[in-house]
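Biologist: I have a model open and want to learn how to read it. Please take me through it feature by feature.

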Amino acid sequence: GYRRITKELKKYGFSHNPKTINRLMNEMGVKCLVRMKKYRSYKGHVGRIAPHILQRDFQAEKMNQKWVTDVTEFHLFGEKR
């Protein structure tokens, strides 16, 4: 990208505005390829699945007696995770 080119030119004694280098690269059709990092959701030890204690009974008699959360699926790189 233009940042790397600017840094390399500065190393050889050519000091130019990065916006100028970016504009010239766009005019010449020079582009950098940014590769997407592969998604990895695994962070370590896999725990066991929690037991289904509530059985969909979400009514509580007092506050902070039952806490629930949502497990959401999402798409990344055309795959469901």
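Modeller: Start with Gln55. Gln55 is exposed, at a relative accessible area of 54%. Exposed means over 50% relative accessible area, buried under 20%, and partly exposed in between (1.4 Å probe, protein chains only). This is a predicted model: local features need pLDDT of at least 70, side-chain atom pairs count only at pLDDT 80 or more, and totals for chains, interfaces and linings use all residues. Residues are numbered from 1 along each chain as its sequence is written, and side-chain values use heavy atoms, with hydrogens and water left out.

Biologist: Where is the place of Gln55?

Modeller: In the loop between helix H2 (18-28) and strand E1 (75-76). Helices (H or I, at least four residues) and strands (E, at least two) are DSSP runs, numbered from the N terminus.

Biologist: Which backbone oxygen does the side chain of Gln55 reach?

Modeller: That of His52, at 2.6 Å. A polar contact is a pair of N or O atoms within 3.5 Å; within protein, one must be able to donate a hydrogen and the other to accept it, and residues adjacent in sequence count only if both atoms are side-chain atoms. Asn17 gives another case: a side-chain oxygen lies 2.9 Å from the backbone nitrogen of Lys19, capping the N-terminal end of H2.

Biologist: In what order do the elements of the protein run?

Modeller: α-α-β-β from the N terminus on. The protein has two helices and two strands. Buried residues make up 4% of its 81 residues.

Biologist: Why does helix H1 lie largely in the open?

Modeller: Because, of the 10 residues of H1 (residues 2-11), the number buried is one. Thr6, in helix H1, is buried, with a relative accessible area of 10%. Leaving aside neighbours within four places in sequence, Thr6 is in contact (heavy atoms within 4.5 Å) with His16, Pro18 and Ile21.

Biologist: How are two packed helices described?

Modeller: By the angle between their axes and the distance between the axes. Axes are lines fitted to C-alpha atoms, for helices over the stretch in contact, and angles run from 0 to 180 degrees between N-to-C directions. Here the axes of H1 and H2 come within 9 Å and cross at roughly 120 degrees. That makes H1 oblique to H2. Angles under 35 degrees count as roughly parallel, over 145 as roughly antiparallel, 65 to 115 as roughly perpendicular and the rest as oblique.

Biologist: Which residues make the contact?

Modeller: Tyr2, Ile5, Thr6 and Leu9 of H1, with Pro18, Ile21, Asn22 and Met25 of H2.
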